Amino acid sequence: MKKISFLIYIFFITFTGFSQDRIGSKNFATRSEVIAQNGMAATSHPLATQVALDILKSGGNAIDAAIAANATLGLMEPTGNGIGGDLFAIVWDSKTQKLHGLNASGRSPKNLTFEYFKTNNYEKIPALGALPVSVPGAVDGWYELHDKFGSKPMNEILQPAINYARSGFPVTELIGYYLTRSAAYFSKYPGFEETYMINGEPLKKGDIFKNPDLANTYEIIAKKGKKAFYEGEIAKKIVEIVQDQGGFLSLDDLKAHESEWVKPVSVNYRGYDVWELPPNGQGIAALQILQILEGYDIRSMGFGSAEYIHTFVEAKKLAFADRAKYYADPNFTKIPVEELLSDRYAEERRKIIDPNKSQPSVEAGKLKDGDTIYLTVADKDGNMVSLIQSNFRGMGSGLIPEGCGFMLQDRGELFTLEEGHANVYEPMKRPFHTIIPAFVTKDGQPYISFGLMGGSMQPQGHAQIIVNLVDFDMNLQEAGDAPRIRHDGSSQPTGGEMTDGGEVSLESGIEYDEIKQLLLKGHRIRFSNGGYGGYQAIMYDKNNKVYYGASESRKDGQAAGY
């Protein structure tokens with residue numbers, strides 16, 4: 001009898017041991033990585049991912065697929081992006097074996113002056129309406145990417161999005177939630193109800209959404225090129241809605257717009273070169289955080305420990321103090337990027353961190369001199385694209401050009417009205433930007449294309465992904481699924497100083513004993529079920545010649561390959 005019971009026990013243990021969902025994954029992992037040989041796409045919407053794969057399978061390259069996916073997301077996820085917004089990208093070109101950076105952000109109107117805001121007693125630039133509207137750069141960004149790297153005709157690239165806009169698609173759970181919330185803010189603006197509501201009701205999960213106006217706009221762009229958007233019939237409608245609402249954007253502003261190819265900048269973190277774009281974006285904040293963290297034995301601290309979280313948050317405070325003072329349009333002010341990313345400067349900043357106490361405020365160093373979408377695509381030839389695109393504050397300004405099917409961005413809100421500040425409002429200037437794509441190389445070869453969208457969470461998230469991969473030995477999916485840290489309350493690029501140390505938000509999964517230690521160090525802890533960003537990533541395994549894909553479990557997205 002005892003022998004039989006023992007055998008049953010052994011069978012039970014063996015059976016349960018082999019019946020787990022995943023083998024070797026962290027307990028917070030939501031799924032396994034996706035692995036494929038010929039191509040990979042990771043976006044925040046499954047249908048956009050499938051559009052990207054269809055482009056790859058039909059002979060297009062990663063750049064073609066990224067543009068197609070972005071156009072599809074502009075239709076399907078209007079709560080985060082669209083052609084009324086800006087775009088940034090980092091491209092690994094397999095032919096030249098080099099990284100290329102694209103800044104496709106737009107500039108402020110030339111006829112809107114700083115004196116206008118002061119004369120009319122504005123303390124800050126409004127979040128909604130016509131005044132925060134800057135030139136939308138996304139369409140020019142598409143064509144810059146396509147002219148330099150594309151292979152398929154633009155009409156073929158945009159056709160899947162056009163088809164979905166005409167025939168319709170089901171609204172996902174998360175987008176339905178945000179569209180319902182957005183209706184409360186934007187339904188007062190002309191065109192919102194006609195474009196984004198059904199019979200006066202907000203779109204919700206499962207509703208079939210059609211946007212024939214956007215289909216027409218995409219068809220015009222595909223047929224006539226970017227001139228139709230910046231000089232032709234679409235441009236006239238953009239200017240008309242802005243000026244009708246009291247804004248200053250003109251046809252001359254749109255016609256003068258140009259994207260800029262820029263050189264990505266990097267730091268080496270424990271043998272991995274992590275790349276971001278230089279300002280006017282905030283990407284170098286992630287690099288500054290990593291430079292500071294490299295001076296600590298993060299691995300020995302352990303993931304989720306109070307020691308690690310405290311060190312990370314204090315490093316973030318230092319980087320964001322510099323972000324508030326120095327990051328702006330480099331065409332208007334000299335930005336000491338090389339100094340900010342230097343080993344010497346990181347060593348000096350590291351001395352400010354007290355291992356036992358949260359700093360209530362930190363100052364920028366003394367130097368010698370929100371919602372979004374992110375997607376990444378890789379193809380069979382080794383090209384990889386890291387692309388991020390956004391309207392800001394979710395859907396944007398509230399202004400929808402008549403009959404066009406998209407909303408204009410409100411990025412101009414991110415200028416400050418503090419005289420003498422690097423990011424102070426000026427005509428024809430690009431505002432400080434939150435959206436940042438990222439890339440990692442190893443020994444000069446492409447390794448990871450990734451991003452994590454979400455306002456000021458982005459550089460914090462980028463740094464955490466790298467730490468999770470390098471210091472805590474997580475795989476690509478685990479690195480994104482791991483509980484995240486978000487610190488708010490640092491100095492902002494639009495003004496305002498941190499005086500009380502800010503707040504640390506933690507996702508579930510951090511042990512309470514560690515949280516108590518953080519409280520004893522003086523941190524204010526906040527629990528939030530949102531605001532931790534949206535992650536997508538592709539990793540290249542050069543030994544096996546395969547791609548690994550990972551997609552954000554907090555969003556509706558999907559990584560898929562073929």
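The chat below goes through selected residues and helix contacts in a predicted model.

User: What kind of model is this, and how are residues numbered?
Analyst: It is a predicted model, where local features need pLDDT of at least 70, side-chain atom pairs count only at pLDDT 80 or more, and totals for chains, interfaces and linings use all residues. Residues are numbered from 1 along each chain as its sequence is written, and side-chain values use heavy atoms, with hydrogens and water left out.

User: Let's start with Thr311. Where is it?
Analyst: Thr311 sits in helix H15, residues 306-326. Helices (H or I, at least four residues) and strands (E, at least two) are DSSP runs, numbered from the N terminus.

User: Is Thr311 buried or exposed?
Analyst: Thr311 is buried, at 5% relative accessible area. Buried means under 20% relative accessible area, exposed over 50%, partly exposed in between (1.4 Å probe, protein chains only).

User: Which residues does Thr311 contact?
Analyst: Leu293, Tyr296, Met301 and Ile353, leaving aside neighbours within four places in sequence. Contact means heavy atoms within 4.5 Å.

User: And what lies 2.7 Å from a polar atom of its side chain?
Analyst: The backbone oxygen of Glu307.

User: New pair. What is the arrangement of H2 and H3?
Analyst: H2 and H3 are roughly antiparallel, because their axes cross at roughly 150°. The axes of H2 (residues 46-57) and H3 (residues 62-76) come within 8 Å.

User: Which residues are in the contact?
Analyst: From H2, they include Leu47, Val51 and Ile55. From H3, they include Ala65, Ala69 and Met76. The classes are 12 nonpolar, 1 polar and 1 charged.

User: Which residue is in the loop between H2 and H3?
Analyst: Ser58 is found there. Ser58 is partly exposed, at 44% relative accessible area.

User: What does the side chain of Ser58 make a polar contact with?
Analyst: The side chain of Lys152, at 3.3 Å. A polar contact is a pair of N or O atoms within 3.5 Å; within protein, one must be able to donate a hydrogen and the other to accept it, and residues adjacent in sequence count only if both atoms are side-chain atoms.

User: Now Glu507. Where is it, and is it buried or exposed?
Analyst: Glu507 lies in the loop between strand S17 (503-506) and H20. At 14% relative accessibility, Glu507 counts as buried.

User: What do the side-chain atoms of Glu507 reach?
Analyst: The side chain of Glu507 reaches the backbone nitrogen of Arg484 at 3.0 Å. A polar contact of 2.8 Å also joins the side chains of Glu507 and Arg554.

User: What about Asn423?
Analyst: Asn423 is in the loop between strand S13 (384-390) and strand S14 (438-442). Asn423 is buried, at 0% relative accessible area. The backbone oxygen of Leu414 lies 2.6 Å from a polar atom of the Asn423 side chain.

User: Last topic, backbone angles. What is phi of Asn121?
Analyst: Near 60°, a positive value in a residue other than glycine. Asn121 is exposed, at 69%.

User: And Asp443?
Analyst: Asp443 has a positive phi of about 55° although it is not a glycine. Asp443 is exposed too, at 61%.

Notes
Axes are lines fitted to C-alpha atoms, for helices over the stretch in contact, and angles run from 0 to 180 degrees between N-to-C directions. Angles under 35 degrees count as roughly parallel, over 145 as roughly antiparallel, 65 to 115 as roughly perpendicular and the rest as oblique. Ala, Val, Leu, Ile, Met, Phe, Trp, Tyr, Cys and Pro count as nonpolar, Asp, Glu, Lys and Arg as charged, and the others, Gly among them, as polar.
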